[in-house]
Structures are given as C-alpha cells and as structure tokens.
Amino acid sequence: MSDKPWGGAFEQPTDQLLEQFSESVSFDRRLYAQDVRGSVAHARMLAAVGVLTDDERDQIVDGLVQIRDEIANNSFEFKTSLEDVHMNIERALVERIGDVGRKLHTGRSRNDQVSTDFRLWIRDQIDTLDQLAANLQRAFVHRCDLDPGVILPGYTHLQRAQPVLASHYWLAWCEKLARDRQRLADCRSRVNQLPLGTAALAGTTIPIDRQMVADELGFEGVVANSLDSSSDRDFALEFAYVLTQISLHLSSWAEEWILWCTTEFNFLKLPDAFCTGSSIMPQKKNPDGLELIRGKTARVVGNLQALITLTKGLPMAYNRDLQEDKERVFDSADTVAACLELAAPMVAGAELKRESIAAGIDRGYLDATTLMEYLISVGVPQRTAHEIIGKLVGTAMKQDCRLADLPAAEFEAAHPSLDNKVYDVLGVERAVAAFQSLGSTNPELVAKQVEVWKNKLNN
Ligand code: ARG
C-alpha cells in the first residue's frame, strides 16, 4: 500500500531512493502562489458548472488562501514524500477541510496544473523583467543629458572607425533593450494561454468551463489541443531564449565597459560603490560587477541549452523529464533580473572621462571617411575617392599627424577638388555634424531620438 495521493493501485510504498530522486517540492515550492491562484479559479469554475456546491467552493477557497498565507510566512511544512508543491497543497487542504478537499482535483491533472502554474509564474516574471529593462533604458537615456555633445571614437573590429556622439551610443543600448522588451511581450502572448482543463492528455468527461478559468486568471485564450498542451514547453524555452538574448546584450555591454575602464582605454570611471578591491594590490579598483554580468551569461546560455536538450525527442504527451525544466527557467529569470537590476545604477553612476577621451580623439583618422564622402560629393566615384583618401591617410600616418595637419598642397596634389574647403570637413566635430542619413549620429537627429526615447519612457 502506498500513502501517495495516487497510491490506490500500489502494493508497495515508494522506495526512499526514488522518493528523494524524484521530488521537486524543494524547488517548485516557488510556484505556491500561482498554484493556489489556479486552484481557486478551478474551484470557482467547478461550482459554476455544478460540480461543487457554493459552500464546498467556499471551504476550498478559504482553505487554499489559509495555506498560501502560511507558506508566505514560512509556517507551512512541505513534505518530500508528497513529491511536489501541488500535492503538498492539496493534501494540506484535505487535512484541513476533509472530504470536500478531495473534490478539488476534479477535471484536471497535475500535468495541466503544472503547466498552468508555470505559465502564470513566467507571465509575472515577464512583467517584472520588462520593468527592469525599462529602468535600464531610462538610465541610458538619462546619460544623454549627462554627456551632451561628447564625441566618442566608434569602432569596428575594435579598431577606430568613425566618430559618434556619446548619446548615439547610449541610445544604441536602448534600441537593443527595446527589441528585448518586444520579445518579452511577444513571448508573453504565447505563454498567456490556459492549459488547465486539458487534464492528463486527452481532456475530461466532466463538463468544465475552461473559458471561465481563463478569464478569471487573465489568460488571453485557452490552449486548443489537450495533447499538444500537456507535452508543450515551447513557452518556457522561448522565455529562456529571450532571457539569453538579454543576457548576451548585457554581456557585450559589460565587456565593452570593462575595456573602457582600463588604463589603456581610460574612457570611464565606475563609482567606487560599484567596484571591488584586491586583497593584495592596494591600488586596484576592479569592475567585478561587470565581469560577473558577463560571466553569468554562461549559466543563462547553459540553461537554454539544457532545456533544448531536455525536450528534444520527447514523445507526446507528458513525460516526467519535463519536471527538469523549472530550475533552469528559475535560474535564468533570477540571473537576468539581478543583472538588469545591477546594470541600471552602474550606467547611471559611471563617469565618462571626457578629457582623456578628447585628448585621444584625433588619433585613428576618424574623419577619413567624411573626407572621402566630401570628394564623392564633388563628383569623384567612390572607389577612386577611397583610393585617393587612403593615400592621404598613408601620408599622414608616415608623418604621424592628423589629416587636418597636412598642408593644402598635399591635398591639391592628391586631387584638384581638394582645395582649402577640406579643412571645413576635417576634425571629429565637423565629421559628426556632416552625417545626414536617417539613423546616423547627426547631432540634430540624435537630439530628436533622445526626445523620442524620453517620451517613450516618460523620463
Ligand atoms: N512535479 C511534476 C512536474 O513538475 C508533476 C508531475 C505530474 N505528473 C505525473 N504524472 N507525474 O512535472
């Protein structure tokens, strides 16, 4: 005989090894609030369709709410022998209200219950993560007011390329985060479909009203196919992917700022409150927060990989393998939330080392492309102009000077159209001002974008 809620047909108790091995309550207890929410909605629906009396419904709802409150204030005892959070709560309900509690599981199974709880949990997380991402965007937009007019070297291949406004750089991160937020919203709509009532895999003969439960729980719709639903974890994988994408963005940002904090770059100073020291080298101020944001990407990527491997080749419908999904998703959500939370004050509090940036801004021929485009504008074909300016850059390199330091005769010799007017387009300020195309670092266009972002984020 087994004392499990499912033990009727069993002639032996569960082996201790299997009990320990298969339990999930140690981690899925995190779903308790969602589990109670789902059960309350289920009980209300069962009463509405006549499976429960109103009095039975009230006893169940009151009992569940009491259990939820006890779990919230740590006075509830979870039992490993009851496997998961779902059976722990249900058994506690039966212990408190007796046989009425034994009616709650009518017309559902743990398979649809788990999926419902997990979807509710992910939905809540998406809303929190969206806010955290918006806060980070706000921090970047706020920087545009802190660093007006500052020009940074823009890089490709980590080699100096063209000059960009610092604001343009801050807004680039806003755009990446905006796509991440869109991805979260898009993922949310697929997460937000109610599985409850698909039961174990085939549905139920009980005349339940799934739409009523969906409405009560704020789901946008009900999952259409019970077999699909009880085997589906796409929603969790999609969420894990979006978290991975956020993590990858944060990791690139962190990497860049770690470089910027080096003596070699000397572009940025992080507030002391966001640096750590060395136990042996007294002078050190290390960007450990940034390094850990970069480092924690490994676990988020690893979690996604684990989920992909977990679901690869599972036959329909529910398989116990699916229980392995929770910890990976919990970990990714926790990790990314913590990274976003830490990133915002670092972005807001960092200081651009303007003097050091300005002192080096004339290195790297950031204005060469602008000069080439000037030559194009007076009718020289692009390939020819590229070659001519390339030669001029070569000359300046040999003399270890800026393009603007070359004498007028040098320009005229390179091409007759390169008269004194070249000096009007050389230098990073002029180069930045010369940009015109939509989406470029042109100062007026960037200023407009800053306004667009402020309005979007209500800064
Ligand atoms: N705790 C399990 C999970 O997270 C639920 C088990 C559901 N069903 C079953 N037949 N064992 O997936």
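User: Which helix gives the largest share of the shell around the ligand?
Analyst: This is a predicted model. In it, helix α6 (residues 110–146) gives the largest share of that shell, three residues.

User: Which residues surround the ligand?
Analyst: S24, D28, D84, R110, N111, V114, R320, L322 and Q323. By class, the shell has four charged, three polar and two nonpolar residues.

User: Which domains does the shell draw on?
Analyst: Domain 1 (7–106) and domain 2 (111–359) each supply at least three of its residues.

User: What domains does the chain have?
Analyst: The assignment gives domain 1 (7–106), domain 2 (111–359) and domain 3 (367–426). The C-alpha centres of domain 1 and domain 2 are 32 Å apart. Their contact takes 18 residues from domain 1 and 20 residues from domain 2.

User: On the domain 1 side, what supplies the largest share?
Analyst: Helix α3, with nine residues. By class, that side of domain 1 has seven nonpolar, six polar and five charged residues.

User: New topic: strands. How do β1 and β2 run?
Analyst: Strand β1 (residues 151–156) and strand β2 (residues 159–165) run antiparallel, joined by six bridges. P153 has P163 in β2 as its bridge partner.

User: And what sits between those strands?
Analyst: Two residues separate the strands of this hairpin, and H157 takes a positive phi near 60°.

User: Last one: what does UniProt list for residues 8–302?
Analyst: An unreviewed UniProt entry lists "domain: Fumarate lyase N-terminal" there. That span is 61% helix and 6% strand, with its end C-alpha atoms 40 Å apart.

Terms used: Residues are numbered from 1 along each chain as its sequence is written. This is a predicted model: local features need pLDDT of at least 70, side-chain atom pairs count only at pLDDT 80 or more; totals for chains, interfaces and linings use all residues. UniProt positions are given in the numbering used here, feature names are shortened, and annotations may be inferred rather than shown by experiment. Helices (H or I, at least four residues) and strands (E, at least two) are DSSP runs, numbered from the N terminus. A residue is near a molecule or strand if its C-beta atom, placed from the backbone, lies within 6 Å of it. Ala, Val, Leu, Ile, Met, Phe, Trp, Tyr, Cys and Pro count as nonpolar, Asp, Glu, Lys and Arg as charged, and the others, Gly among them, as polar. Domain bounds come from an automatic or database domain assignment. Two strands pair if DSSP finds at least two bridges between them. Two residues are in contact if their C-beta atoms, placed from the backbone, lie within 7 Å.
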